[in-house]
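Keep the 3D view open as you read.

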Amino acid sequence: MTIATTLADSEIDELIIDALRHRVGKDERAAKPHDWYTATVYALRDKVIDRWMDSTRRTYAEGAKRVYYLSLEFLIGRLLRDALNNLDLTGELERALRANGLDLGELEELEPDAALGNGGLGRLAACFMESLASLDIPAYGYGIRYVNGMFRQRIDDGWQVELPETWLSHGNPWEFDRRESAYRIGFGGEVISEGEGVVWNPAELVEASAVDTPVVGWRGKRVNTLRLWTAHALDPIKLDAFNAGDHVGALEGEARAASLVRVLYPADSTPAGQELRLRQEYFFSAASIQDIVRRHLQYHGDITSLPDKAAIQLNDTHPAVAVAELVRLLVDDNGLEFDTALEITRRTIAYTNHTLLPEALESWPLPLFERLLPRHMQIIYAINSRVLRDARRGGMEDAAVAAISLIDEGGDRRVRMANLAFAGAHSVNGVAALHTELMKQTVFHDLHTLYPGKINNKTNGVTPRRWLMQCNPGLTGVIRDAIGDAFLDDTGELAALDRLAGDAALGERIAEVKRSNKVALAGHLKDLTGIRVNPDALFDVQIKRIHEYKRQLLNLVETVALYDQIRSHPEKDWVPRVKIFGGKAAPSYHNAKLIIKLANDIARRVNSDPSVAGLLKVVFVPNYNVTLAERIIPAADLSEQISTAGMEASGTGNMKFALNGALTIGTLDGANIEIRDRVGDENIVIFGMTADEVAAKRADGYDPRAVIEGSYELNQAVVAIASGVFSPDEPDRYAGLMGGLYDHDWFMVAADFDAYARAQREVDARWLDPAGWRKAAIHNIANVGWFSSDRTIGEYARDIWGVA
């Protein structure tokens, strides 16, 4: 039974008015829209709290095992509609607000996106938290309560400008301070012998304090907790220094603590930036592990039973230091022998790998690590000695032993966090079938040889509540009319649509919903960027973090080639296209920021050229976030998933687009392969080299200059960009970027260009057959129900965590 079945409209109205008067402090006649928004959240939150407490009591009463999900990112987006949908209260609340002259949609627009993440890693964590609650699995998510997020992206003259996010400037009505859950986190200092053990005396201590947000599962079945850490100095002001006139210096400790929770992914191109990154990762990992151990001892007493009651999942390498922290607590605070502590740690912790890029597998300079975390460095050496002994006993060669080591003993000695996570976990999973096999062959080849049972696959998924029901209610309604409501509880039931793919009436209804979504997006893009787009054009979308391996550059070069072709051959029947880009570049990633500028330079030139008017538009959407994704994805016709094969771990945008009826153009990379296997070759457009072919081309020697000069369209586009056609104010702006294609083309832009261009013309041909396009769209919707995060979490629960 959902909450909605127990609440009348009048009760909701009374709850909102009560919250407005007694918690916001406003009379109905004086209240502004933001007051009504806050009161609405408080009223809804009160109903969530009842379920939250019930879920917690039930967990303790049943002695259930809990999942603890540690992630540096949780890209949760807005929470109001999410909670309303999962509690089945949307209709009741809409009517209650309407009675007060208010519109729910307008109030929802007042909620800021929580600035707690950047890309797929954080959005996956948010989907997983929602699915954990929906599957009635007790869980905590642990992360950092970032005050200013990664950054708010503004586009000035085509360039990315980074500004602080201010999502907390007016408070957050969803969160609860938990001052009783506070822990002292140490840095630096020394380790001294004491009796038969050792004691770490940190030189610096900061306090980690918990802030909780409820996570509501589907139909209100369970409410779990997202626990985020904020930081404070133990002594917020040095009064002696302040009174002596050093007013700024007296606050240095608080400022130093606050820096831990200010910004996600501070630039690490300087030693100070690297130190802050490591301090952040240890701060949140240590607070989380201390909280888990404290809870276990409080309710279960025996620390050795921790693996039976707690399953800790590390989301990528950022929380890998949790391995050493848990061993430290077990040995130093609970008196266990080292080998016993390591065994308990391994039985408790599991690790998810999200990247095959060597530079993204975190490692820290050994001197920095040892200075900041001297006790943990000792523990890592001790773990490493056991791993290396295992390798020697297994007869491994010196090169393999060196690759396995937790310490890179090269010229710049570094601590390898991925190896630490692997060595300290009982399970190491990839996030797509190809990714998992490549893990075994590449980054973890030798560790996999040594510990062959650890690596397993758990293909990612997305929550259908947010990424279908909430963001695309029109399509959800059409599906319900066609096959009933069973898919609302099990997206596998979407398969019933497959036999209806040829139903012309159904295709028409889905096309009407798509066009309505495109009209809405067109209006939003006009308001946001000033660019008018035609909703009857093909909406070709690439929205994701800007990175060279994701190959926005391939898309842009082909856009320039298409622009040239349209101008050169106006007699052809060109398909009108709107190219939509969005995504943020890391502040210190020069080429990624240059790609954003190129997108905007191309847009300025193309959008003002009357010779392609109505046939080609280019839009770069600033400050891409969850809320923008919820607008763009339901309106997309074509989903660009064009990463260099073998470099994308999984992707989840590909799943969201397909679920909303977009066709995919993509490489055989990440989860694209599994999507193709599910939807069928005829309902997806695949192009380019495979991962094996990419590896072979790199190994055998590759001459990208010859490839560029041998392709008329590619050569024409590259020369135009490099010579300043799109940057007349600075003709050499893109010479270096294009020079990289000529010199090495590591991401195979030139190598895959001709295949990509042919695939795009195949897309044109498909678009000119509306009935065929609609049929393919229905096949996509029907066959991607498997890519639900409910299915993924069910597999984690069964195979890794051992929870029901």
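By class, the lining of the second largest pocket has 17 nonpolar, 14 polar and nine charged residues. Here Ala, Val, Leu, Ile, Met, Phe, Trp, Tyr, Cys and Pro count as nonpolar, Asp, Glu, Lys and Arg as charged, and the others, Gly among them, as polar. This is a predicted model, in which local features need pLDDT of at least 70 and side-chain atom pairs count only at pLDDT 80 or more, while totals for chains, interfaces and linings use all residues. Residues are numbered from 1 along each chain as its sequence is written, and side-chain values use heavy atoms, with hydrogens and water left out.

Back to that pocket: about 910 Å³ of space lies in it. Of its 40 lining residues, Leu110, Glu111, Pro112, Asp113 and Trp167 are the closest to the centre. At least two lining residues come from each of α2, β3 (152-156), β9 (223-233), α21 (504-529) and α24 (626-632), and α2 gives the largest share, four residues. Such helices (H or I, at least four residues) and strands (E, at least two) are DSSP runs, numbered from the N terminus.

What about enclosed spaces? On a 1 Å grid over the protein atoms alone, a cavity is a set of points where a 1.4 Å probe fits but cannot get out, whereas a pocket is an open set with protein on both sides within 12 Å along at least five of seven lines; lining residues have an atom within 4 Å of a point. Grid points are joined across faces, edges and corners, and a volume is the space filled by probe spheres set on the points. A search of the whole structure finds eight cavities of 30 Å³ or more. The table describes two of them.

| Cavity | Volume | Lining | Classes in the lining |
|---|---|---|---|
| Largest | about 210 Å³ | 17 residues | 11 nonpolar, two polar, four charged |

Nearest the centre of the largest cavity lie Leu79, Asp82, Pro214, Val215 and Val216. The largest share of the lining of the second largest cavity, four residues, is supplied by α9.

Now for the helices. Two packed helices are described by the angle between their axes and the distance between the axes.

Finally, where does helix α30 (residues 735-743) sit? Its Leu737, Met738, Gly739, Gly740, Leu741 and Tyr742 are buried (under 20% relative accessible area, with exposed over 50% and partly exposed in between, using a 1.4 Å probe and protein chains only). Among the elements covering these buried residues are α22 (552-568), α23 (590-607) and α31 (749-767). After α30 comes Asp745, with a positive phi near 45 degrees.

Notes
Contact = heavy atoms within 4.5 Å.
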